[in-house]
Amino acid sequence: MMALYRLLVFPGFGFLFVCAMLFDWIDRRVIARTQERVGPPWYQPLADFIKLLAKEDVRTEGVHEVAAAGLPIVSLASVLTAALYVPVGGVAAASYEGDLIVVLFLLSVPALAYFLAGWISPGVYSVIGGHRSLLQYFSYEVPFMMALASPAVLAGSWRIMSIVAYQGQATWLALIQPLGFLLAIVGLIGKLKRDPLDIPKAKSEVVGGPLTEYSGRKMAIWHLAMDMQTVVGIFLLVNLFLGESRFLEALPAFPVFGAKALAILLLLSMASALYARLRIDQLANLGWRVLAPLALLQVMATLWVGG
């Protein structure tokens, strides 16, 4: 029963669904305020999700139906599985040595599924968006993984719980490794395809990118998977860079964890509101000429300090 509770309630599907709706609303509200708009009411993300579930599922001629239906489900399943290994306020459904590597792999599956969603579609916009998403994946993924490897190297463990506990003995790794934290934030923006790195789904250029041909329940699952990936990605960064602290140990763990997660969400929202979308060639240059060398420098410095 406890395993079923962790899978379906906390920190499983139920908890992630509530967080996904809440984070989506806060994100849209913050961006609206920075643009001098009111923003949506608190129930708008849930209403949008229900509306998509009720809409007609249009089947485009030439699309492989099994693949089109399976890709969003695989994407959602990989995010839910990754969430089981990401602690929330010091509580994780499962934990073992090397679970960070498993989480990074599982969080890469939605990006590949996103590319395949455009590749199997006959529409030009879908194909272009899919190719863009694959190029973007190669641009941010290497710096992102190297940035997240640095806390593991410094803590001497690839177990997320051990990295969190290590920070309780020292200090937040965001203070020790500010460059790695910044690279992780940029990589997370690219993984989530948020502004200014929403290149694969740029509405003014490729309509909806790989998801142009999707509608109804499939689109609802895609949006839910992306929103949950946002939650899991933020929680992962909180654990790796803003873990336990000797100065906050007297405070309740769960509210402190929530405050850290909201702080990272606000960083993502402000980045979306302040910066314009990059071109795909600009992102490739940024990824391989700036982010990758900086990430490599971060790893080398971490290895030197750890040694």
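Where is the place of Ala225? I looked it up and found Ala225 in helix α11. I am working with a predicted model, in which local features need pLDDT of at least 70, side-chain atom pairs count only at pLDDT 80 or more, and totals for chains, interfaces and linings use all residues. Residues are numbered from 1 along each chain as its sequence is written, and side-chain values use heavy atoms, with hydrogens and water left out. For the labels, helices (H or I, at least four residues) and strands (E, at least two) are DSSP runs, numbered from the N terminus.

**Entry 1**

I checked the accessibility of Ala225. At 2% relative accessibility, Ala225 counts as buried. Here buried means under 20% relative accessible area, exposed over 50%, and partly exposed in between, with a 1.4 Å probe and protein chains only.

Next I looked for contacts, meaning heavy atoms within 4.5 Å. Leaving out residues up to four places away in sequence, Ala225 touches Ser75, Leu76 and Val79. I also took one distance from Ala225. Asp48 is 177 residues from Ala225 in sequence, and the two C-alpha atoms are 14 Å apart in space.

Then I turned to α11 as a whole. Helix α11 runs over residues 216–241 and has 26 residues. From first C-alpha to last, α11 reaches 38 Å, close to the 38 Å expected at 1.5 Å a residue. The expected span is 1.5 Å times one less than the number of residues in the helix. Of the 26 residues of α11, 23 are buried, so the helix is largely enclosed by the rest of the structure.

**Entry 2**

Two packed helices are described by the angle between their axes and the distance between the axes. Axes are lines fitted to C-alpha atoms, for helices over the stretch in contact, and angles run from 0 to 180 degrees between N-to-C directions.

I looked up helix α4, residues 65–83. It packs with α11 at an angle of about 20°, with the axes 9 Å apart. α4 and α11 are therefore roughly parallel to each other. The cut-offs are under 35 degrees for roughly parallel, over 145 for roughly antiparallel, 65 to 115 for roughly perpendicular, and oblique for the rest.

The crossing of α4 and α11 is left-handed. A crossing is left-handed if the near helix is turned anticlockwise from the far one by less than a right angle, and right-handed if clockwise.

Which residues meet here? In α4 they include Ala68, Leu71, Pro72, Ser75, Leu76 and Val79. On the α11 side, Ile221, Trp222, Ala225, Met228 and Val232 are among them. By class, this contact of α4 with α11 has 16 nonpolar, two polar and two charged residues. I used these classes: Ala, Val, Leu, Ile, Met, Phe, Trp, Tyr, Cys and Pro are nonpolar, Asp, Glu, Lys and Arg are charged, and the others, Gly among them, are polar.

**Entry 3: α9 against α12**

I moved on to helix α9 (residues 178–192) and helix α12 (residues 253–274). Their axes come within 11 Å and cross at roughly 65°. α9 passes α12 in a right-handed crossing. Phe181, Ile185, Leu188, Ile189 and Leu192 in α9 meet Ile264, Leu268 and Ala271 in α12. The residues of this contact divide into eight nonpolar, no polar and no charged.

The buried residues include Gly180, Phe181, Leu188 and Lys191.

**Entry 4: loops**

Just after α9, Lys193 takes a positive phi of about 55°. Lys193 is in the loop between α9 and α10. Is Lys193 buried or exposed? Lys193 is buried, with a relative accessible area of 8%.

Pro196 lies in that loop between α9 and α10 (203–206). A cis peptide bond joins Asp195 and Pro196, with omega about 5°. I found another cis peptide bond between Phe10 and Pro11, with omega about 0°. Pro11 lies in the loop between α1 (2–8) and α2 (13–34).

Glu36 has a phi near 60°, a positive value in a residue other than glycine. Its loop runs between α2 and α3 (44–54). At 79% relative accessibility, Glu36 counts as exposed.
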